[in-house]
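Subject: Structure for your review

Dear colleague,

Please find below the structure that I am handing over to you. My notes on the findings follow it.

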Amino acid sequence: MDSARRTVNINMNTNLSQLHHDILEGVCDAWTALQQQQPLVHIMTNAVASNYVANVLLAANAAPAMIDNPFEAENFARIAAAISLNLGTPTSEQVQAMLIAAQTANAIKKPWVLDPVGYGSILHWRSEVTDQLMAFQPTIVRGNASEIGTLAGKQVTGKGVGTTLDSSEVYQQAKSLLAQCQCIAISGESDYIISQDYPVIKVMGGSELQPRVTATGCALGALIAAYSAVANPVIAATAAHLHFAIAGKRAAEITSTLGSFNVAFIDQIHLLNPEIIQQYADFELL
């Protein structure tokens, strides 16, 4: 959380080609810092995702800790490098722990990521919890288009915790959430990274098989948190999304069947390096 978390120097008159280059360099620097620092990430995620999320972070060379009880939440939030809160399968006790961790992170300026899984009119309780957590100003909010669109005030009909919208349909409206957080990351066929200091960053790549692997979205949120420990919020979100997009694309080049894709995907998460990032990174500035 020193020079590795430097902000790319942005002048709004900067040539977009130069800014694209600077962001790509920032992503490579963030990957290098992640390998060197191996940040401890305090994760509260859903029961379906917990093991997978931990394995993805280990593959990326971060250190996951799945501490989700209210008796240890404050102390662990203080020692962790970053925090990831995911509302996939919230319990009353886990929600207490999330509120404690978020309040602690806000008080001591610790980077934390909120994944408002299922936010909307159907799952009222967890949506109210999300509203409470937003008051503690998450560093980054990440979710699918339906979740982010509804959180931003758009009336969206969701499909359980899935999405009925394309991310391109909501990224402009999502800018209203920047009053409560520094960065918004919307995942979908293309991903959008939104902030006040950068142009909108559209990340392409990945594989159509990724949404069919349980907990890839949850793992992405936790990886964003890991990167936020070593980079500024926009570079962190972009680095994590590119990490996933590149791993998905390379895994799909190896196999087209779902079970082997899952294994290949984690392998490619582990094998990423700056040379591969430079070769495969596919993003544009809007």
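Is Arg142 buried or exposed? Arg142 counts as buried, because its relative accessibility is 6%; buried means under 20% relative accessible area, exposed over 50%, and partly exposed in between (1.4 Å probe, protein chains only).

Before the details, a word on the basis of these notes. This is a predicted model, in which local features need pLDDT of at least 70 and side-chain atom pairs count only at pLDDT 80 or more, while totals for chains, interfaces and linings use all residues. Residues are numbered from 1 along each chain as its sequence is written, and side-chain values use heavy atoms, with hydrogens and water left out.

The annotated site

In the UniProt record, an unreviewed entry, the annotation "binding site" covers Arg142 and Ser187. These two residues are spread over 46 residues of sequence, yet they cluster in space, with a largest C-alpha distance of 7.5 Å. UniProt positions are given in the numbering used here, feature names are shortened, and annotations may be inferred rather than shown by experiment.

Arg142 belongs to strand S5 (residues 140–144), and Ser187 to strand S6 (residues 183–187). Helices (H or I, at least four residues) and strands (E, at least two) are DSSP runs, numbered from the N terminus. Ser187 is also buried, because its relative accessible area is 16%. The side chains of Ser187 and Arg142 are joined by a polar contact of 2.9 Å. A polar contact is a pair of N or O atoms within 3.5 Å; within protein, one must be able to donate a hydrogen and the other to accept it, and residues adjacent in sequence count only if both atoms are side-chain atoms.

Leaving aside neighbours within four places in sequence, the residues in contact (heavy atoms within 4.5 Å) with Arg142 include Val113, Asp115, Ile148, Gly217 and Leu220. With the same exclusion of residues up to four places away, Ser187 touches several residues, among them Asn144, Ser167, Leu220 and His241.

Salt bridges

How many salt bridges does a search of the whole structure find? The search finds 3, a salt bridge being a side-chain nitrogen of Lys or Arg within 4 Å of a carboxyl oxygen of Asp or Glu. Side chains of opposite charge can pair when their charged atoms come close.

One of them involves the annotated site: Asp115 pairs with Arg142, and the closest N and O atoms are 3.0 Å apart. This pair links distant parts of the chain, with Asp115 in strand S4 (residues 112–115) and Arg142 in strand S5, 27 residues apart. Both Asp115 and Arg142 are buried.

Another salt bridge joins the side chains of Glu284 and Lys202 (3.9 Å, N to O). Because Glu284 lies in strand S9 (residues 283–285) and Lys202 in strand S8 (residues 201–203), this pair ties together parts that are 82 residues apart in sequence. Glu284 is partly exposed, at 33% relative accessible area.

Glu74 and Arg78 also form a salt bridge, with 3.4 Å between the closest N and O atoms. Glu74 and Arg78 are separated by about one helical turn, because they are 4 residues apart in helix H3 (residues 73–79). Glu74 is partly exposed at 36% relative accessibility, and Arg78 is partly exposed at 42%.

A further polar contact

Gln268 is located in helix H9 (residues 258–271) and is buried, at 7% relative accessibility. The side chain of Gln268 makes a polar contact of 2.7 Å with the side chain of Arg250.

Yours sincerely
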